[in-house]
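Have the structure open as you read.

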Amino acid sequence: MPCIKYVSNVEVTHPIGTGRPAESKIMAHCTTAGGKWSMRGVMGALTKVFGDDPMDAYNNHPMPLGATQFVSVSNRYNAGKLWVCNLHVLKAGPSPSLIWEAFVQAVDKLSEFALKHHASIHFVRLHPSTPDLDWAMVHKQLDLKLAQQGVDVVVYTKEKQDLPKAPADAPAAKKPKNCDQVFANMRFAIAGYSSEETVALMQLIESMGGSVQPKYISFGSNQTDVLLCDSEHSDMFKHVDQLGGTIVSKSVTHAAPTSPLADLFTGLRFHLCCGAARAQVARYIIAYNGKIAESVAVADYVIVADPETSPISAPSHAKLVNVGWLWQSINLLEIAAPSSFPVCPKQALK
């Protein structure tokens, strides 16, 4: 019997497998009836990964409370079909509130669609501060209308209390004798294989509980755990090897030839205000040929950890950015626009 599984440190845009080959998946999130799509949070992440179709459906075809929108999205790294489901269950207001009757109606429609298409549900947990939210009731409804009807459900949460806890006096868990979920919560990228080989690898990984990403991601909450690479001579192999990532290749016969990383930050000086992440940030700046400026007065860029809680004084000539700018620049291998990664600076130094 399918059950509800809670996962953290995984984004719904990279839904994990539940053990079925060529699995179709529905990424479901709660939205405001009559609202506008946001480029932040879950909506922004869905747009970044899957394009504008979910946003266009939501903005151009407003629907009443209790309605659902299923938008087919493309992702060549999923062997089955993928949909984004907009659940219209929140009432518009300064703080959109959950309307229970609308939620029940929407889940009924979600269940019907999932059973028809033999798809698993990947549900984004509502924030605890949502007005009129009783998560215990939501869980019970997901269990009754989905899990007990034969639909696999994965809830993506940031709330620690949602995750299962072992009793304090419980004995250490024994390792399972089978490999059904050996890749649970692991993220893979695949490079260099043929289309047929890629699909076969995807099915194998998902059948063991893992997920496959469209590209290798070096940083952040969606950081790739393992690169599956056809050859140690590929550029992707060399890039990940330089970053110290984990690589599995079917034909490694000797150490891959090393080459320097791109001189992305040549001639640039960075002053870092990144707290505990400072050492990691500095390592990547130096790896891409940048320099660390101990004095903010001589810096070309000032990088802070949090755009809202880490304001910092900066000279007028320096560009003030949050740490997301660095990761975006490295992932694109080009200098990202500072205006896309703003912070709230104090008065500039004279």
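Buried here means under 20% relative accessible area, exposed over 50%, and partly exposed in between (1.4 Å probe, protein chains only). Helices (H or I, at least four residues) and strands (E, at least two) are DSSP runs, numbered from the N terminus. This is a predicted model, in which local features need pLDDT of at least 70 and side-chain atom pairs count only at pLDDT 80 or more, while totals for chains, interfaces and linings use all residues. Residues are numbered from 1 along each chain as its sequence is written, and side-chain values use heavy atoms, leaving out hydrogens and water.

Begin with helix α4, residues 135-145, where Trp135, Val138, Gln141 and Leu142 are buried. These residues sit on the same side of α4, because they cover an arc of only 120° around the axis, taken from the directions from the helix axis to the C-beta atoms. Ala136 and Lys140 are exposed, on the face turned away from that buried side. An α-helix has 3.6 residues a turn, so residues three or four places apart point the same way.

Now for the charged pairs. The whole structure holds five salt bridges, each a side-chain nitrogen of Lys or Arg within 4 Å of a carboxyl oxygen of Asp or Glu. One of them joins glutamate 206 to lysine 25, with the closest N and O atoms 3.1 Å apart. Glutamate 206 lies in helix α5 and lysine 25 in strand β2, so the pair ties together parts that are 181 residues apart in sequence. Glutamate 206 is buried, at 2% relative accessible area, and lysine 25 is buried at 1%.
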